[in-house]
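The report below goes from a single annotated site to the overall fold and then to a second residue. Please keep the sequence and the model in view while reading.

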Amino acid sequence: MKMPNTKSVLLVDDSKFARLLVKAFISSNFANWEIDEAEDGAKALEMVDAKTYDYMLVDFNMPGMDGIELGEKLRSRFPGAVIALLTANIQQEIQNKAENLGLDFIAKPPTEDKIRDYIMSREATR
């Protein structure tokens, strides 16, 4: 019998509601995955010191460090990680910056289909 493939996800968003929503979407589709939460970039950087994540979903608009700054730090430390900017800020400039850093881009509001389809497409290429 094949063991289920457990993955770990780090959700970084200053909105607790947004984290709960995305966490629920992931849990309902990938039941055995571990999902950790950080409310800002500083906390996220502490967490990645202690654990390696398969997926990192990062909000853009956060107090302190924005998602592009955090994404840049995460990308330099984890060149092969799957990191997505999950944001309502869909300006082309933000999308270009994300793309230049090798970050995926997911427009808010998050929906279950959007999150599931994104993860499924990334799983298919890993």
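## The annotated aspartate

D59 has a relative accessibility of 5% and therefore counts as buried, where buried means under 20% relative accessible area, exposed over 50% and partly exposed in between, computed with a 1.4 Å probe on protein chains only. Its place is in the loop between strand 3 (55-58) and helix 3 (67-77); helices (H or I, at least four residues) and strands (E, at least two) are DSSP runs numbered from the N terminus. Once neighbours within four places in sequence are left aside, D59 is in contact with V12, D13, D14, G67, L85, L86, T87 and K108, a contact being heavy atoms within 4.5 Å.

An unreviewed UniProt entry places the feature "modified residue: 4-aspartylphosphate" at D59. UniProt positions are given in the numbering used here, with shortened feature names, and such annotations may be inferred rather than shown by experiment.

## Basis of the model

This is a predicted model, in which local features need pLDDT of at least 70 and side-chain atom pairs count only at pLDDT 80 or more, whereas totals for chains, interfaces and linings use all residues. Residues are numbered from 1 along each chain as its sequence is written, and side-chain values use heavy atoms, with hydrogens and water left out.

## Overall fold

The protein has 5 helices and 5 strands, which follow the pattern β-α-β-α-β-α-β-α-β-α along the sequence. According to the unreviewed UniProt entry, the annotation "domain: Response regulatory" covers residues 8-123; this span is 48% helix and 21% strand, and its end C-alpha atoms lie 13 Å apart.

The radius of gyration of the protein is 14 Å, which agrees with the value near 14 Å that a compact globule of 126 residues would have; the radius is taken over C-alpha atoms, and the globule rule is 2.2 Å times the number of residues to the power 0.38. The C-alpha atoms fill a box of roughly 45 × 30 × 30 Å along the principal axes. Buried residues make up 44% of the 126 residues, and among contacts with a separation of 6 or more, 64% join residues 24 or more positions apart.

## A residue of helix 1

K23 lies in helix 1 (residues 16-29) and is partly exposed, because its relative accessible area is 27%. Apart from neighbours within four places in sequence, K23 is in contact with L11, I35 and E37. The C-alpha atoms of K23 and I90, which are 67 residues apart along the chain, are separated by 22 Å.
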